[in-house]
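Biologist: I am new to this structure and would like to know what stands behind each label. Could you set the values against the definitions?

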2 protein chains.
Amino acid sequence: MQAEIITIGDEILIGQIVDSNSAFISKELNKIGVSVYQITSIQDNRNHILDALEIAHERSSVVIITGGLGPTKDDVTKSTLCQFFDDELVLDKKVLAHIEMLFKKYIPTPISDLNRKQALVPSKAEILHNAHGTAPGLWMKKGKTVFVSLPGVPFEMKGLMTSAILPKIINEYERPYIIHKTIMTYGLGESAIAEKIEDWEDNLPDAIKLAYLPNLGRVRLRLSTKGTDKESLVLALESEVKKLYPLIGDIIYGEEEDESIEVQVGKLLTQKQLTLSTAESFTGGKIAQQLTSVPGASAYFKGSIVSYATEAKVKTLGVSEELVKKYSVVSEEVAIAMAENVKQLLETDFAIATTGNAGPAKGDSDEAVGTVFIGISTPERTFAKKFVMGNHRERIVQKSVNKAFELVLKEILNF
Amino acid sequence: MQAEIITIGDEILIGQIVDSNSAFISKELNKIGVSVYQITSIQDNRNHILDALEIAHERSSVVIITGGLGPTKDDVTKSTLCQFFDDELVLDKKVLAHIEMLFKKYIPTPISDLNRKQALVPSKAEILHNAHGTAPGLWMKKGKTVFVSLPGVPFEMKGLMTSAILPKIINEYERPYIIHKTIMTYGLGESAIAEKIEDWEDNLPDAIKLAYLPNLGRVRLRLSTKGTDKESLVLALESEVKKLYPLIGDIIYGEEEDESIEVQVGKLLTQKQLTLSTAESFTGGKIAQQLTSVPGASAYFKGSIVSYATEAKVKTLGVSEELVKKYSVVSEEVAIAMAENVKQLLETDFAIATTGNAGPAKGDSDEAVGTVFIGISTPERTFAKKFVMGNHRERIVQKSVNKAFELVLKEILNF
């Protein structure tokens with residue numbers, strides 16, 4: 001049994017938006033054992049939509065379509081679905097009542113005919129309630145294939161997937177288990193790892209697939225397998241993972257799919273009842289933002305001083321002007337002072353500090369673009385390390401954020 | 001003339017990564033007048049790759065392939081390309097020298113046979129230099145179609161697109177101009193706008209297409225047109241845009257494609273030689289992070305106090321404990337105090353403050369999840385506004401960040 005995804009919208013094909021819906025849908029389908037064969041992004045165009053539907057119909061059991069259901073005139077999806085299913089649009093009173101309720105409750109402008117038109121649905125479709133918006137989900141069968149049409153607004157699409165589509169698929173289809181296990185490493189390149197684990201890789205059972213996923217100084221190793229007996233699949237993966245540790249245990253910082261490093265930092269801090277603060281210069285609040293993207297972060301993250309300007313480091317963090325003058329604002333000494341001071345100021349157990357030059361111009365320091373210092377303060381000591389992160393602004397920031405999390409994770413682990 | 005994009009990699013189809021490469025490529029191709037017909041994400045599988053290449057070959061002049069060029073064993077792309085082009089792999093000495101240089105300069109581990117294998121290229125391919133990585137770009141012709149194969153690492157892909165692919169396409173193909181103009185609005189829903197501009201929309205010339213792009217409380221209106229005379233296309237769009245202002249001028253906050261609201265805030269502050277700071281609670285540094293994602297932000301952005309914990313608001317921002325007790329930490333009064341205090345502390349002209357509850361738990365305040373206050377301090381006054389942002393953590397944060405930028409933009413505009 002396989003699925004595929006069709007996303008409709010010129011905005012994707014002109015690069016105005018990134019299609020993040022497909023990643024969400026793929027991940028959720030995978031979790032329930034449904035493989036995604038292909039993702040196809042197509043134009044708001046009747047013939048193109050019909051072509052894509054035909055091709056998907058021939059090979060997949062479930063086709064998830066997103067986009068093209070808004071109230072305005074640029075949408076052709078619904079009428080094209082009618083053409084494909086040889087169907088016609090009819091008014092759905094329940095959907096209309098829901099639209100009217102949403103307007104009454106949340107939207108200051110009066111309801112219009114355009115809004116009411118969203119209650120028109122193909123007569124053969126099963127209607128799926130969209131709690132968060134005006135366009136309902138549609139569930140339509142043609143031969144052995146189910147076509148599901150969802151609004152493109154990520155929030156509404158996610159609600160419908162979780163509340164309606166996934167439960168229906170679970171209910172109506174027999175599915176194998178697809179199990180992934182991802183090992184996260186840092187500090188070594190793809191090919192260097194590959195050499196270290198060559199024998200292990202050559203001896204992997206045929207049913208287990210390995211993929212290398214390199215990104216910004218880290219490589220993730222993903223093991224995947226598929227079958228009907230979940231327990232034996234999990235055991236098979238675990239037994240292979242165990243053999244990895246003697247080979248590359250020193251560069252592994254985590255396992256589990258989906259567990260970002262900030263989640264791991266948060267879990268460890270919660271377990272050990274410790275707290276963290278940050279003092280950020282060129283990273284501009286990105287470390288704080290990643291930390292606070294984790295629900296429950298307020299238990300261990302107290303706050304951050306984003307001292308972007310040099311004066312802010314002096315005024316809010318109390319870094320002495322002399323220190324800045326003597327060593328320059330991008331220096332080991334300033335990174336250490338920032339980490340120590342923010343830890344004291346916010347009364348936390350650990351602190352992270354960043355100072356560096358992300359370019360494009362040189363800024364308040366003579367250090368070359370790409371030179372950064374990351375300071376870590378623990379209950380026992382404070383230190384800072386220098387890194388040279390290339391010359392690409394965005395990449396310098398993200399690599400430094402990654403590195404800061406790695407450094408602090410190690411310290412918390414060992415505390 | 002049309003292009004299409006094929007992205008190769010199981011990691012996309014299991015939802016492990018979001019395909020942001022395609023958005024970049026689409027946008028860049030559009031800028032030089034090349035329409036993207038379709039984006040197809042497929043598996044690391046020989047037959048699937050061959051199928052996708054065949055279909056693209058039939059209809060498109062340029063096919064951009066990304067992914068599947070890493071040094072490790074999970075990659076089948078190169079050998080499949082050889083099969084498709086009836087070609088074989090040969091060693092490219094220049095590529096090998098480049099790989100050896102990269103290892104010597106940047107990579108602590110010794111070069112391996114796996115790395116050297118990346119210098120194997122199809123004999124018929126034109127080799128495009130990848131300054132940032134070991135896998136070169138490949139430019140191969142079959143009939144009237146050009147196939148371009150690029151590494152999937154975004155940084156390397158972008159470098160190759162900019163330095164080699166786009167110049168070659170510009171050089172070798174006659175292309176029309178594709179002009180987009182996007183009007184950014186806030187405060188009114190898609191259908192309410194549609195009604196206000198209905199007559200205008202009905203009278204648009206056939207050559208101009210309109211799309212509504214709603215997202216998190218904002219709607220962008222995109223006008224697109226295509227043709228050979230650039231100047232007349234631009235004029236045609238501009239004349240239509242002009243007619244929009246009498247209809248919805250009050251909700252338009254910007255024009256220009258690609259100009260995010262933080263870029264606009266930055267431009268205005270630079271023009272007027274004004275500065276900005278932020279005091280962030282539940283937004284966790286996201287406003288600071290968006291501000292500092294703009295190169296040159298240090299000219300106007302001084303810093304942020306991310307006072308996630310209530311104690312941090314007291315200790316670092318000097319918000320009085322009595323005020324917090326009297327009004328609760330999520331209140332208009334605290335938002336005002338935060339904005340005023342950070343403005344003073346960092347000596348800036350404007351300040352933004354946020355306090356609220358993004359959930360999932362209620363936190364340090366009795367206010368319901370979704371209740372937020374945004375404070376704005378200007379050289380003339382300080383105020384705070386209350387908003388109710390639903391109950392979805394991520395969405396509450398992003399909507400609040402958007403709203404904060406809107407509020408401050410308006411104040412800076414009118415100052």
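This is a predicted model: local features need pLDDT of at least 70, side-chain atom pairs count only at pLDDT 80 or more; totals for chains, interfaces and linings use all residues.

Biologist: What divides chain A into domains?

Modeller: The bounds come from an automatic or database domain assignment. For chain A it gives domain 1 (2–172), domain 2 (177–254) and domain 3 (261–414). The centres of domain 2 and domain 3 of chain A, taken over C-alpha atoms, are 31 Å apart. Six residues from domain 2 and eight residues from domain 3 take part in their contact; two residues are in contact if their C-beta atoms, placed from the backbone, lie within 7 Å.

Biologist: Why is B:Val95 called buried?

Modeller: A residue is buried if 20 or more other C-beta atoms lie within 10 Å of its own, exposed if 12 or fewer, and partly exposed in between, with C-beta atoms placed from the backbone. B:Val95 has 20 such atoms, so it is buried. The residue lies in helix 5 (residues 93–106) of chain B. Leaving out residues up to four places away in sequence, B:Val95 touches B:Ala119, B:Val121, B:Ile127 and B:Pro136.

Biologist: Why is A:Ser328 called partly exposed, and why is B:Gln273 called exposed?

Modeller: A:Ser328 has 16 C-beta neighbours inside 10 Å, and therefore counts as partly exposed. B:Gln273 has 9 other C-beta atoms within 10 Å, so it is exposed. A:Ser328 sits in the loop between helix 14 (321–327) and helix 15 (332–345) of chain A, and has a positive phi of about 80 degrees although it is not a glycine. B:Gln273 is in the loop between helix 11 (261–272) and strand 13 (276–280) of chain B; its phi is near 55 degrees, again a positive value in a residue other than glycine.

Biologist: What makes strand 16 of chain A largely enclosed, and how do you know which strands it pairs with?

Modeller: Six of the seven residues of strand 16 (residues 371–377) are buried, so the rest of the structure largely encloses it. Two strands pair if DSSP finds at least two bridges between them. Strand 15 (residues 350–356) and strand 16 of chain A have six bridges and pair in the antiparallel sense, with A:Thr354 opposite A:Ile374. Seven bridges join strand 16 to strand 17 (residues 382–388) of chain A, also antiparallel, and A:Ile376 has A:Phe383 as its bridge partner. Strands 16 and 17 of chain A form a hairpin with four residues between them.

Biologist: What makes a set of residues a nonpolar core?

Modeller: Its members are buried Ala, Val, Leu, Ile, Met, Phe, Trp, Tyr and Cys residues joined through C-beta atoms within 7 Å. The largest core here has 100 residues, and A:Met338, A:Ala339, A:Val342, B:Met338, B:Ala339 and B:Val342 touch the most other members. A second, separate core of 41 residues includes A:Ala52, A:Phe147, A:Ile169 and B:Ile12.

Biologist: How do you know how the two copies are related?

Modeller: They are superposed by least squares on the C-alpha atoms of residues with pLDDT of at least 70 in both. A rotation of 180 degrees with 0.0 Å of shift along its axis puts chain B on chain A, with an RMSD of 0.1 Å. The copies are therefore related as by a two-fold rotation axis. Both use the same surface, as 100% of the contact residues of chain B recur in chain A.

Biologist: How many residues of each chain are in contact with the other?

Modeller: In the contact, 77 residues of chain B meet 77 residues of chain A. Strand 2 (residues 35–42) of chain A also pairs with strand 2 (residues 35–42) of chain B, antiparallel and over three bridges. There A:Thr40 stands opposite B:Thr40.

Note on methods:
Residues are numbered from 1 along each chain as its sequence is written. Chains are lettered from A and ligands numbered from 1 in the order in which they are written. Helices (H or I, at least four residues) and strands (E, at least two) are DSSP runs, numbered from the N terminus.
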